[in-house]
Amino acid sequence: MARSSSRTGSWARRLPCSNLSGDLLPSLGATAQQPPPRLRKNLVSPYDPRYKVWEIFLILLVVYSAWICPLEFAFLRYLPRAPFVVDDVVNGFFAVDIVLTFFVPYVDSKSYLLVDDHKKIAVRYLSTWFTFDVCSTFPFHSISLLFNRHEHGLGLKFLNVLRLWRLRRVSSLFARLEKDIRFNYAVIRCTKLISVTLFSIHCAGCINYLIADRYPDPRRTWIGAVMPDFREAGLWIRYVTSLYWSITTMTTTGYGDLHAENSREMLFGIAYMLFNLWLTAYLIGNMTNLVVHSTSRTRDFRDMVQAASEFAARNQLPQQIEEQMLNHICLRFRTEGLKQQETLDILPKAMRSSISLYLFFPVVQGSYLFKGISSGFIQQLVTEMQTEYFAPKEDIMLQNDKPSDLCLLVSGAVDILAFLDGTEQVYGKAAEGELLGEIGVMSNKPQPFTFRTTKLSQILRIGRSKLMDIMQENAEDGQIIRNNFQQKLRVEQRLYIAMHQDGPVPAFERRMDP
């Protein structure tokens, strides 16, 4: 609870990600310098951890009510006094919750603001769920015992069934859990389906027993035919027998040992089997969606691999090209599962820029070509770069390609190759942090080498036109980049001249002049 001097009835505050399921949004024009107004006096925040614990406790009581209510409905005259005492205690807790609801603000469905006006909270609750909550909490059975000891009437039974209204809390709980990324969606969904099935079995078994118990001739009932003195049997035996009938009917097993013996039971059996048709369709549909959702990507991946293999065989492609195709498809399957690019695409540009700066600023700044340039230039450069993954033995650039992109090797390893006299030869290797294709980009000539990965590699790529635009906008930094490039060339040339002509050629010199 919190005090407030605010006179407004609605307000909004920013919440962490775990609370976004509450649909509470900040109002337009709200600034960080303006602290959100606090709740009015004597109100309980719906996001208070203590209130969350209270809600979980009520959910446990709802589960108990869902089990005991049909059981009392069918076996009322045979149950001991103890369950009704427990019912009164449970009803007391829900009565407290009814009073507490008048002091809990709610989120307006139109403005998405938290309403903390006492009158509006009361009017909203009284006009929605108040009547149902009171009827589901009122102790009809205990009140009736004060005036009449007769416990066999069906009127009280139907009034007690109103307690099942509390199941709406469980439905709301599952709806929230399905949206909560901290929990596995498939597990939550399966738990919900299993709960619905078990509750249906429990209710059907209890109702069918009630029909047999109230029939004038006990021997002409589904349970009396195999257990003539079933009313004298223990509660556990009769309850298990009812569940057995319910399960065999739901699963359409139909052993024939328990079956309808009169028209009442036949009518209920028909209704129950019609309900089972809907429930089975509901369960199968949901389980199918879960299976398809979890396997669709794998199925599409297998189909794509099969299509690529058939394409290579049909067109008699070399083994190397086929291997590159399959490696690329496998890598694409792995990276799509991470949903990294999809995550970045939905973010604002400023946020994407912040992420790129945090991840790639050091590696770009450490490259020889960008030594000594301003941080602003590197920031512009990094925000325009795109990240790509390359599988082993996959070509990043091909010799004599148009110099369209400048690449930076973030991680992995790359071989530098060239075709000489009709054969492909390895002229060097590029390590992490080195540039790829800068000679063609800076001199605007076809790429002198082929760059092929030797293991899984991560590449930063920026288009030549975008790089030149940034260099033109920052003339001083652009000149520093050109000087760095020329200086690197001169250093490599001096190293080359100092070596024997028949000695190994430095990698950078070969990239400069193939």
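Is glutamine 386 buried, exposed or partly exposed? Glutamine 386 counts as partly exposed because its relative accessibility is 43%, where buried means under 20% relative accessible area, exposed over 50% and partly exposed in between, computed with a 1.4 Å probe on protein chains only. The structure is a predicted model, in which local features need pLDDT of at least 70 and side-chain atom pairs count only at pLDDT 80 or more, while totals for chains, interfaces and linings use all residues. Residues are numbered from 1 along each chain as its sequence is written, and side-chain values use heavy atoms, with hydrogens and water left out.

**Overall make-up**

- The protein chain has 18 helices and 11 strands, these being DSSP runs numbered from the N terminus, with helices (H or I) of at least four residues and strands (E) of at least two.
- Of the 514 residues in the protein chain, 37% are buried.
- Among contacts in the protein chain with a separation of 6 or more, 72% join residues 24 or more positions apart, contact meaning heavy atoms within 4.5 Å.

**Surroundings of glutamine 386**

- Glutamine 386 belongs to strand β4, which covers residues 386-390.
- When neighbours within four places in sequence are left aside, glutamine 386 is in contact with Gln341, Ile459, Leu460 and Arg461.
- Arginine 461 is 75 residues from glutamine 386 in sequence, yet their C-alpha atoms are 5.2 Å apart in space.

**Nonpolar cores**

- The largest nonpolar core has 26 residues, of which Val364, Leu369, Phe370, Phe377, Leu381, Leu406 and Ile481 touch the most other members; such a core is a set of buried Ala, Val, Leu, Ile, Met, Phe, Trp, Tyr and Cys residues joined through side-chain atoms within 4.5 Å.
- At least two residues of this core come from each of α13 (349-365), α14 (375-384), β6 (405-411), α15 (438-443), β11 (457-463), α16 and α17 (475-498), and α14 gives the most, with four residues.
- Apart from this core lies another, of 22 residues, among them Tyr209, Trp222, Met250 and Leu279.
- Leaving aside neighbours within four places in sequence, leucine 406 has contacts that include Leu369, Phe370, Val441, Leu460, Arg461 and Leu467.

**Helix α16**

- In helix α16 (residues 464-473), the buried residues are Leu467, Ile470 and Met471.
- Viewed down the axis of α16, these buried residues fall within an arc of 100°, so they line one face of the helix, the arc being that of the directions from the helix axis to the C-beta atoms.
- Ser465, Gln472 and Glu473 are exposed on the other side of α16.

**Packing of α8 and α9**

- Helix α8 (residues 185-213) packs on helix α9 (residues 235-250) at an angle of about 120°, with the axes 8 Å apart; axes are lines fitted to C-alpha atoms, for helices over the stretch in contact, and angles run from 0 to 180 degrees between N-to-C directions.
- Residues of α8 including Ile201, His202 and Tyr209 meet residues of α9 including Arg238, Trp245 and Met250.

**Positive phi in two loops**

- Glutamine 316, in the loop between α10 (263-314) and α11 (319-338), has a positive phi near 50° although it is a residue other than glycine, and it counts as exposed at 72% relative accessibility.
- Lysine 393, in the loop between β4 and β5 (395-397), is likewise not a glycine and has a positive phi of about 65°, and this lysine is partly exposed with a relative accessible area of 44%.
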